[in-house]
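I opened the notebook to record what I looked up, entry by entry. The entries follow below the display.

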Amino acid sequence: MSSFPTKTDDLVRRLRRMRILVIHPDDEERATLVAHLKRIGCQVDMVWPAPDSLPDYADVVLFLLGPNRDANTVSWMANAGDIARIAIISFETPEILNALERLHVHGVLSKPIRIFGVLAALTTAIGLARHEATLRTRVRSLDETLKARRKIEQAVALLSESKGIDEQSAYKRLRDKSQNSQRSIGEIADAIIAANDV
């Protein structure tokens, strides 16, 4: 009947595999939030006050960011890698807004916490965190490619000068050596640079 059951099922299954850490005082609002997360099927852990570092198991962190609370206590969150981060706030003061930016937050829940909006904040934050992780992987790959290209250009210039050949011929030698030795062209370039003590 419906044309979207698979996507819905995937979303629910993904959420049920998530380990969610709730950093919030033990009060009625936390109880409401945790009960809702458990109804969704998420695995939930609770802690208060904030830990000194992020537990290894967490995929998503929901944390209270209050006006009287020093954001430095959760500063580790800014470098928390692929973790989806959702702040729980009561105010939109400049200090709170600056902290949200500094901590690279993917979503926000406002207090008093209502059930409506929690699922949307979760899925949005997880999606953004995954997108960021993909971008970081691409950037690392491009960095490696750029470094390898610079080494190859350097090796081609050295080979061209030492053999008295043009750069196109030098590159062909480099490529042939790579194919014949079954080593990457970057490794061959490294060897040429090292041999010339550059």
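**Entry: helix H6.** Which residues of H6 are buried? I found Ile185, Gly186, Ile188, Ala189, Ile192 and Ile193. I then looked down the axis of H6: the buried residues fall within an arc of 160°, so they line one face of the helix. On the other side of H6, I noted Ala194 and Ala195 as exposed. H6 runs over residues 185-195. I asked what its buried residues pack against, and found H4 and H5.

**Entry: confidence.** I am working with a predicted model. I looked up the pLDDT of the protein chain, and the average is 86. A score of at least 70 is reached by 92% of the residues. Residues 1-5 have a pLDDT below 50. I looked for contacts of this stretch beyond near neighbours in sequence and found zero in the model.

**Entry: helix H5.** I checked the length of H5, residues 167-181. At 1.5 Å a residue, its 15 residues should span 21 Å, and the end C-alpha atoms are 21 Å apart, which agrees. Which residues of H5 are buried? I listed Ala170, Leu174 and Ser178. Seen down the axis of H5, the buried residues fall within an arc of 75°, so they line one face of the helix. H4 and H6 are among what covers the buried residues of H5. The face turned away from the buried side of H5 carries Gln168, Gln179 and Asn180, which are exposed.

Next I looked at the ends of H5. Which residue caps the N-terminal end? I found Asp166 there, with a side-chain oxygen 3.3 Å from the backbone nitrogen of Gln168. Just after H5 comes Gln182, with a positive phi of about 55°. Gln182 sits in the loop between H5 and H6. I looked up its accessibility too: at 75% relative accessibility, Gln182 counts as exposed.

**Entry: the nonpolar cores.** I turned to the largest nonpolar core, which has 24 residues. Which members touch the most other members? I noted Ile20, Leu33, Leu37, Val60, Leu62 and Leu122. I then listed the elements that give two or more residues to this core: strand S1 (19-23), helix H2 (28-40), strand S3 (60-64), strand S4 (84-89) and helix H4 (118-163). H4 gives the largest share, six residues. Apart from this core lies another, of 19 residues, including Leu21, Leu65, Ile89 and Leu103.

I followed up Leu33. Not counting residues up to four places away in sequence, Leu33 touches Val22, Leu62, Ile88, Leu109, Ile113 and Val118.

**Entry: Arg30.** I looked up Arg30 in helix H2. Is Arg30 buried or exposed? I found Arg30 buried, with a relative accessible area of 11%. The cut-off for buried is under 20%. Leaving aside neighbours within four places in sequence, Arg30 is in contact with Val22, His24, Pro25, Met46, Val47 and Trp48.

**Entry: Ile96.** I located Ile96 in helix H3, residues 94-102. Ile96 is buried, with a relative accessible area of 3%. I then looked up its contacts, leaving aside neighbours within four places in sequence: Leu65, Gly66, Pro67, Ile89 and Phe91. Ile96 and Gly66 are 30 residues apart along the chain, and their C-alpha atoms are separated by 7.4 Å.

**Entry: backbone exceptions.** I started from a general rule: most residues other than glycine have a negative phi, and most peptide bonds are trans. Then I noted departures.

- A cis peptide bond joins Trp48 and Pro49, with omega about 0°. I placed Pro49 in the loop between strand S2 (43-47) and S3.
- A cis peptide bond also joins Lys111 and Pro112, with omega about 0°. I placed Pro112 in the loop between strand S5 (107-110) and H4.
- His104 is not a glycine, yet has a positive phi of about 55°. I placed His104 in the loop between H3 and S5. With a relative accessible area of 42%, His104 is partly exposed.
- Gln182, a residue other than glycine, has a positive phi near 55°.

Note on methods: Residues numbered from 1 in each chain as written. Predicted model: local features only at pLDDT ≥ 70, side-chain atom pairs only at ≥ 80, totals over all residues. Heavy atoms only, no water. Core = buried A, V, L, I, M, F, W, Y, C linked by side-chain atoms within 4.5 Å. Buried < 20%, exposed > 50% of the residue type's maximum accessible area, 1.4 Å probe, protein only. Helix = DSSP H or I, 4+ residues; strand = E, 2+ residues; numbered from the N terminus. Contact = heavy atoms within 4.5 Å. Expected span 1.5 Å × (residues − 1). Arc of directions from axis to C-beta. Polar contact = N/O pair within 3.5 Å; in protein donor to acceptor, adjacent residues only side chain to side chain. pLDDT = per-residue confidence, 0-100.
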